[in-house]
Amino acid sequence: MIVSLFRRSTQNANRIIVDRLFDQIVAAARQPAIYADWGVPDTPLGRYESLGLHMIVFLRRTRGAEPGVEALAQDVLDEFFKDVDHSIRELGIGDAGVPKRMKKLARMFYGRMGPYWEAIDAGDAEALAAALERNIAPDAKEPTGFDARSLAGYTLAAAEALTAQDDASLLSARIAFPEAGAPA
């Protein structure tokens with residue numbers, strides 16, 4: 001046990017990379033234009049939708065990558081779900097209610113991944129906008145101000161930008177999402 005205190009741990013280096021990547025994904029998801037200009041609700045659920053969307057774009061970039069990148073992506077995904085768990089608890093949900101809510105949010109996340117990836121892979125902004133509308137502004141009887149088309153365009157640009165980034169950048173904790181609302 002004492003020997004392990006003096007040994008350099010690769011786990012610590014991995015933790016730093018995971019934290020930095022996750023922080024960059026969170027920063028991209030919190031860009032003001034997403035909420036102020038495109039009408040994603042600035043609520044816990046709206047922020048979850050934005051963060052989930054950015055995670056899905058990140059995971060799309062890492063699928064089929066070298067094993068080190070795929071393992072890193074899994075660690076970042078685990079961090080995402082830890083953060084969601086922490087956020088649920090901060091909202092005052094008791095220990096008994098957390099697993100039920102986590103299960104629901106995980107189903108939402110994975111249910112969105114397929115349609116988003118399909119639309120992104122096809123470069124189909126209309127299909128992506130329809131999926132975003134369905135998920136971010138469901139059952140809206142009155143206009144919400146949500147601009148699914150702009151968010152879809154940004155998402156396609158983000159997917160393209162991440163695809164252009166090499167694996168070495170990701171492994172060095174560098175990921176660059178485009179600026180939301182910037183002219184294409």
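This is a walk through the structure, one selection at a time.

**Before you click**

You're looking at a predicted model, in which local features need pLDDT of at least 70 and side-chain atom pairs count only at pLDDT 80 or more, while totals for chains, interfaces and linings use all residues. Residues are numbered from 1 along each chain as its sequence is written, and side-chain values use heavy atoms, with hydrogens and water left out.

**Stop 1: the whole chain**

Select the protein chain and colour it by pLDDT (the predictor's confidence in each residue, from 0 to 100). The chain averages 89, and 89% of the residues score at least 70. Which element has the lowest mean pLDDT? That's helix α1, residues 2-6, with 49, whereas helix α8, residues 148-163, has the highest, 97.

Now switch to a cartoon view. You'll find nine helices and zero strands; here helices (H or I, at least four residues) and strands (E, at least two) are DSSP runs, numbered from the N terminus. Reading along the sequence gives α-α-α-α-α-α-α-α-α.

Of the 184 residues in the chain, 42% are buried. Buried means under 20% relative accessible area, exposed over 50%, and partly exposed in between (1.4 Å probe, protein chains only). The accessible areas come from the Shrake-Rupley method with a 1.4 Å probe, and for residues only the protein chains shown count as cover.

**Stop 2: salt bridges**

Next, show some side chains. A salt bridge is a side-chain nitrogen of Lys or Arg within 4 Å of a carboxyl oxygen of Asp or Glu, and a search of the whole structure finds 10 of them.

Start with D42 and R47, whose side chains meet in a salt bridge at 2.8 Å, N to O. D42 counts as exposed because its relative accessibility is 53%; R47, at 35%, is partly exposed.

Then pick E49 and R112. Their side chains form a salt bridge too, again 2.8 Å from N to O. This pair links distant parts of the chain: E49 sits in helix α4 (residues 44-62) and R112 in helix α6, 63 residues apart. Are these two buried or exposed? Both E49 and R112 are buried.

Your next pair is E126 and R149, with a salt bridge of 3.3 Å, N to O. E126 is partly exposed at 46% relative accessibility, while R149 is exposed, with 58%.

To finish this stop, select R15, D19, E79 and K82 together: salt bridges that share partners join them into one network.

**Stop 3: a positive patch**

Head for the surface and select K100, R101, K103, K104 and R107, which gather in a patch of positive charge. Patches are made of residues with over 30% relative accessible area and no salt bridge, with like charges joined within 9 Å and nonpolar side chains (Val, Leu, Ile, Met, Phe, Trp, Tyr) within 5 Å. Lys and Arg count as positive and Asp and Glu as negative; His and the chain ends are not counted. The place of a charge is NZ of Lys, CZ of Arg, CG of Asp or CD of Glu.

Zoom in on K100, in helix α6 (residues 98-122). K100 is exposed because its relative accessibility is 68%.

**Stop 4: A173**

Last, select A173, in the segment after α9 (167-171). A173 is buried, with a relative accessible area of 7%.
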